[in-house]
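Dear colleague,

Please find below the structure that I am handing over to you.

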Amino acid sequence: MAARAQAAGKRVAHQAGAEHHHAHGRGLLRRALRSGTLASVLSTLMVSVFSRFRTGAAAAGTNAASQWLWYPRARRVRRASPRYTSVGYGIHHASSLWWAGIFEALRPDHAPPAGRAMRAAGVAALAYAVDYHVVPRRLSPGFEHRIGAAGMFSAYAAFALGLYLGSRPRRGHAGVRATRRRGAPSAPG
């Protein structure tokens, strides 16, 4: 009888662990969606500003990312279009979410602000290194020719800022976590 109870207890513990792991995965995806979206929007804004300044066309830099599908033509298209601009932004956004997943796996929500900032800057630097020194040219963002060196720095800095801002703990959530760390009982609900 004791063996049967022990086996049932192990099953319950295993199921609880699996549910916790699944919930953690959903939380990671939700956080990556938030920080990745903000990083994508802010970096695209910088690409657009510098592209407008250097080429006279704000969409030219975003269009370049569509080179994944339309290389090399995408790098020369200046005007906004569904074919180049939408696809270019979609590729950039998907890449941003992927990098945000890596960033969020580093648990920035458990770090002080300086730790979150360092993690965001590190992931942005890694993204740059991979984008321009690892993957084939066709799979790079492609906007470097449209925005120049200052634009590149600004785009990746804005990307890091988006990761950082998107990873800020929510007000109520951080307070509950801090209370639990001090050993105080958590509030119901």
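Arg 107 is found in the loop between helix 4 and helix 5 (113-133); helices here (H or I, at least four residues) and strands (E, at least two) are DSSP runs, numbered from the N terminus. Please note that this is a predicted model, in which local features need pLDDT of at least 70 and side-chain atom pairs count only at pLDDT 80 or more, while totals for chains, interfaces and linings use all residues. Residues are numbered from 1 along each chain as its sequence is written, and side-chain values use heavy atoms, with hydrogens and water left out.

Arg 107 has a positive phi of about 55° although it is not a glycine. Most residues other than glycine have a negative phi, and most peptide bonds are trans. The relative accessible area of Arg 107 is 28%, so this residue is partly exposed; buried means under 20% relative accessible area, exposed over 50%, and partly exposed in between (1.4 Å probe, protein chains only). The side chain of Arg 107 meets that of Asp 109 in a salt bridge of 3.9 Å, N to O, a salt bridge being a side-chain nitrogen of Lys or Arg within 4 Å of a carboxyl oxygen of Asp or Glu. Asp 109 counts as buried because its relative accessibility is 10%.

**Overall fold**

The secondary structure of the chain comes to seven helices and zero strands. Along the sequence, the pattern therefore reads α-α-α-α-α-α-α. Of the 189 residues in the chain, 38% are buried.

**The other salt bridges**

A search of the whole structure finds three salt bridges. One of them joins the side chains of Arg 31 and Glu 104 at 3.4 Å, N to O. Arg 31 lies in helix 1 and Glu 104 in helix 4, so this pair ties together parts that are 73 residues apart in sequence. Both Arg 31 and Glu 104 are buried.

Glu 144 forms a salt bridge with Arg 75, and their closest N and O atoms are 3.2 Å apart. This pair links distant parts of the chain, with Glu 144 in helix 6 (residues 144-166) and Arg 75 in the loop between helix 3 and helix 4, 69 residues apart. Glu 144 has a relative accessible area of 18% and is therefore buried. Arg 75 is likewise buried, because its relative accessible area is 16%.

**The loop between helix 3 and helix 4**

Pro 72 also has its place in the loop between helix 3 and helix 4. Tyr 71 and Pro 72 are joined by a cis peptide bond, with omega at about 0°.

Ser 40 lies in helix 1. With a relative accessible area of 0%, Ser 40 is buried. Ser 40 and His 93 are separated by 53 residues in sequence, yet their C-alpha atoms are 5.4 Å apart in space.

Trp 99 is found in helix 4 and counts as buried at 7% relative accessibility. Trp 99 and Leu 126 are 27 residues apart in sequence and 9.1 Å apart in space, C-alpha to C-alpha.

**Cavity**

Rolling a probe the size of a water molecule over the atoms shows where empty space is left. The structure holds one cavity of 30 Å³ or more. On a 1 Å grid over the protein atoms alone, a cavity is a set of points where a 1.4 Å probe fits but cannot get out, and lining residues have an atom within 4 Å of a point. Grid points are joined across faces, edges and corners, and a volume is the space filled by probe spheres set on the points.

The largest cavity has a volume of about 50 Å³. Its lining consists of Thr 44, Val 47, Gly 61, Thr 62, Ala 65, Gly 88, His 92 and Phe 143. Helix 1 (2-55), helix 2 (59-64) and helix 4 (82-105) each supply at least two residues of this lining. The lining residues divide into three nonpolar, five polar and no charged; Ala, Val, Leu, Ile, Met, Phe, Trp, Tyr, Cys and Pro count as nonpolar, Asp, Glu, Lys and Arg as charged, and the others, Gly among them, as polar.

**Surface patch**

Trp 68, Leu 69 and Leu 139 make a nonpolar surface patch of about 270 Å². Patches are made of residues with over 30% relative accessible area and no salt bridge, like charges being joined within 9 Å and nonpolar side chains (Val, Leu, Ile, Met, Phe, Trp, Tyr) within 5 Å; accessible areas come from the Shrake-Rupley method with a 1.4 Å probe, and for residues only the protein chains shown count as cover. Leu 69 lies in helix 3 (residues 67-70) and is partly exposed, with a relative accessible area of 49%.

With kind regards

Conventions:
On a 1 Å grid over the protein atoms alone, a cavity is a set of points where a 1.4 Å probe fits but cannot get out, and a pocket is an open set with protein on both sides within 12 Å along at least five of seven lines; lining residues have an atom within 4 Å of a point.
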